[in-house]
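Biologist: Could you take me through the surroundings of the ligand in close detail, and then say what can be said about the nonpolar cores?

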Amino acid sequence: MKYRQLGRTPWKVSEISFGAWAIGGAWGRVDDTESLAALHKAIDCGVNFIDTADVYGMGRSERLIAQLKQERKEEIVVATKAGRRLPAQTADGYNEGNLRAFIDDSLKYLSTDCLDLVQLHCPPTDVYYRPEVFGLLDRLAEAGKIRYYGVSVERVEEALKAIEYPNVQTVQIIFNCFRHRPADLFFGEAAKKRVGILARVPLASGMLSGKLTRDSKFAADDHRHFNRHGEEFDVGETFSGVDYDTALAAVEEIRGLLPPGVTMAQFALRWILMFDAVTCAIPGGKRPLQVEENCAASDLPKLSDRAMEAIRALYDAKIRASVHQRW
Ligand SMILES: NC(=O)c1ccc[n+]([C@@H]2O[C@H](COP(=O)([O-])OP(=O)(O)OC[C@H]3O[C@@H](n4cnc5c(N)ncnc54)[C@H](OP(=O)(O)O)[C@@H]3O)[C@@H](O)[C@H]2O)c1
């Protein structure tokens, strides 16, 4: 496992880290014993950074991470998120009373006195135009409740606006073989300001593992069933917003690019790591074997120019029209 500097924080984090949404909920049935085993496997593989949120199973994901931290002696940096527990997503909801309450709950579930990194959880765009929200985060940091803060965004424009606030340390954004636009302008701007970048949905919700087919079935409580068309939250969070059949066809083309012995999930993760501005990819993992496979992407050699050009051409031909200007 290789490590990269997380923005201006003191932490060097594993370039393949761990996304803890699925172990909390909204991805079909999960078993806490297996989830904990997946978390332990991540630490065994050198992962030292975990991304979670208060809403992932309403504390379930955070509690599992607290248990992991109790059982391991390694330093583990935990990034959580706040804001999605609001009954309706309005900028007014991002007020002092609500944010303090969300952070107090995360402190309790994560069993700690100070949160390492708190990210605003894809708030409405207007929140980025309210400096008082960032002022409040500054005060929470001064009070010792949070060490650092950042944002998780849907759109590139929100990311560009967020990094105007000098104490935003990290931006989490969807970036993968099916989502290229963050690399156009935002990565350069973030690098100038030494802002850390967390690449989320790196496997396009499992699509970029190459295991899905037209006949794949998802449980009723799996967002790949209930959010296919953005029914519950931004459609970009499910299969990266790419139509299922279009994505399957693109995956078949990627299959022909895989170097011997490299799985598609590893290839997709290694593609992300080709971008120096990215601090880490945070693939979700429900099982130890998935985690082990994903972590091994860090040890792979660079992808060839030919492979990089092929992904760019595939994106331009099959994906760009439906996603590039949306996010
Ligand atoms: N708004 C936000 O801030 C936001 C939104 C989305 C995600 N995130 C963060 O980003 C993280 C990653 O995104 P994500 O979990 O949505 O999507 P992802 O990482 O693209 O996909 C994860 C899923 O793919 C499958 N998978 C993982 N590794 C695999 C492998 N090696 N082979 C085959 N299948 C594999 C697993 O599901 P199955 O085994 O069930 O197929 C896993 O849950 C999340 O966990 C969360 O921390 C944040």
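Modeller: What follows looks at the ligand and its shell, and then turns to the nonpolar cores. The model is a predicted one, and in it 32 residues surround the ligand, with D51, S152, K211, R224 and K286 being the closest. Sorted by class, this shell is made up of 13 nonpolar, ten polar and nine charged residues, and the element that contributes the most to it is helix α10, spanning residues 288–295, which supplies three residues.

Among the polar atoms facing oxygen atoms of the ligand, one belongs to the side chain of Q172, at 3.5 Å, while a polar backbone atom of G206 also lies 3.5 Å from a ligand oxygen; for G284, the distance between a polar backbone atom and an oxygen of the ligand is 2.8 Å. Taken on its own, the ligand has 900 Å² of accessible area, of which the protein covers 95%.

As for the nonpolar cores, the largest has 96 residues, and the members that touch the most others in it are F18, F134, V171, F178 and M207. Helix α9, residues 264–273, gives the most to this core, with eight residues. To take one of those members, F134 touches L120, V127, Y128, Y149, V151, Y165 and V168, when residues up to four places away in sequence are left out of the count. Another core lies apart from the largest one and consists of eleven residues, including W11, F49, L117 and L198.

Notes: Residues numbered from 1 in each chain as written. Predicted model: local features only at pLDDT ≥ 70, side-chain atom pairs only at ≥ 80, totals over all residues. Heavy atoms only, no water. Near = heavy atom within 4 Å. Polar contact = N/O pair within 3.5 Å; in protein donor to acceptor, adjacent residues only side chain to side chain. Areas by Shrake-Rupley, 256 points an atom, 1.4 Å probe, with all protein chains shown as cover. Helix = DSSP H or I, 4+ residues; strand = E, 2+ residues; numbered from the N terminus. Nonpolar A, V, L, I, M, F, W, Y, C, P; charged D, E, K, R; others polar. Core = buried A, V, L, I, M, F, W, Y, C linked by side-chain atoms within 4.5 Å. Buried < 20%, exposed > 50% of the residue type's maximum accessible area, 1.4 Å probe, protein only. Contact = heavy atoms within 4.5 Å.
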